[in-house]
Amino acid sequence: MKTLLPTSTAGSLPKPSWLAKPKTLWSPWKLQGDELIEGKQDALRLTLDDQNYGGIDIVSDGEQTRQHFVTTFIEHLSGVDFKNRQTIKIRNRYDASVPSVVDAVSREKPVFVEDAKFLRKITKKPIKWALPGPMTMIDTLHDGYYKNREKLAWEFANILNQEARELESAGVDIIQFDEPAFNVFFDEVNDWGIATLEKAIEGLKCETAVHICYGYGIKANIDWKNTLGTEWRQYEEIFPKLQKSNIDLISLECQNSRVPMDLIELIRGKKVMIGAIDVASNTIETPEEVASTLRKALQFVAADKLYPSTNCGMAPLSRRVATKKLRALGDGAEIIRQELST
Ligand SMILES: [Zn+2]
């Protein structure tokens, strides 16, 4: 029988401190060569163990084999120059030194397929695999070649589709595209953002998800959130079109956010991953707090379409905190399962 309220995480989980410096984005690897390959596989086993302990039903790689959710994918493509960096504003929010597109972009070999095969071998649970979405990829690059955001997004959509098809063949059950940029560039999302995402999932038989959040719990994002007022209604701009799209699941930030829960009504019919864990705080949610968020969501999502999750990735947290938060998520979902079965 299919589990009701299957739990999962939105994306990254902390890496072991012997593999990369903790609580740091873009943290350099501490191992090299064969040791790094072996270390990444050991980290995959550990993150799976942490997720099993937390009662997570749909497991992931916790992004243990990548330095960053966007940059690592782009590093594997040709046409992008990582030495010739330019400073740009990411999501209209903070300056970052980013690589440049200098030629036609292409994927010469698979990026995460071997990692996915490894994870498939060590678990029988359903696997969700995250990839960056086309719009978030272009927003993390300087484009000195196409000089057109939409054109580059279509190129990336083709490349992502190649990778997604191979991840599906490797046994991945849900492929998720991370599109935090969807919360910022509403006109572009409606003009071509959702269309390029649908290109990225073309021909897939596995389930597909899009994760749209307010970002990692880093200072630039927290400062930005403080400017958004008492109600965060960004989702309202893009939900009507997403509701009509071919994407199966929509992953959202809810816990401790100021997103009005009733906005979810706009995507009625979709499966919804409800963020019931705040990733910008070290305070561990109680299972009852998780359950309370899920109960509110159940007003707008049918129980068989509700997927309890985290607000975003947990890479910036300590492993101790992240593991306890996973356990709270698993225990909180169990409270609601019991309620629904009586
Ligand atoms: Zn996120």
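E163 touches R107, P110, V111, F112 and L131, residues up to four places away in sequence being left out of the count. The model described here is predicted. E163 belongs to helix α5. This residue is buried, because 21 other C-beta atoms lie within 10 Å and the cut-off for burial is 20 or more. From E163 to R149 the separation is 14 residues in sequence and 21 Å in space, C-alpha to C-alpha.

The largest nonpolar core holds 96 residues, and those with the most contacts inside it are W129, F156, I250, V272, I274 and L294. Helix α5 (residues 149-169) supplies the largest share of this core, eight residues. For F156, the contacts beyond four places in sequence are V105, P134, M137 and I138.

An open sheet is formed by six strands with parallel pairing, in the order β3-β5-β6-β7-β8-β9. β3 and β9 stand at the edges with a single partner strand each, so one side of each has no neighbour in the sheet. From one strand to the next, the twist averages 25°. Strands β5 and β6 pair in the parallel sense over five bridges, and F177 has V210 in β6 as its bridge partner. Helix α9 (residues 287-297) packs on the sheet and touches β8 and β9; the direction of α9 makes about 150° with that of β9.

| β3 | residues 128-132 |

Methods. Residues are numbered from 1 along each chain as its sequence is written. This is a predicted model: local features need pLDDT of at least 70, side-chain atom pairs count only at pLDDT 80 or more; totals for chains, interfaces and linings use all residues. A nonpolar core is a set of buried Ala, Val, Leu, Ile, Met, Phe, Trp, Tyr and Cys residues joined through C-beta atoms within 7 Å. A residue is buried if 20 or more other C-beta atoms lie within 10 Å of its own, exposed if 12 or fewer, and partly exposed in between; C-beta atoms are placed from the backbone. Helices (H or I, at least four residues) and strands (E, at least two) are DSSP runs, numbered from the N terminus. Two residues are in contact if their C-beta atoms, placed from the backbone, lie within 7 Å. Two strands pair if DSSP finds at least two bridges between them. Axes are lines fitted to C-alpha atoms, for helices over the stretch in contact, and angles run from 0 to 180 degrees between N-to-C directions.
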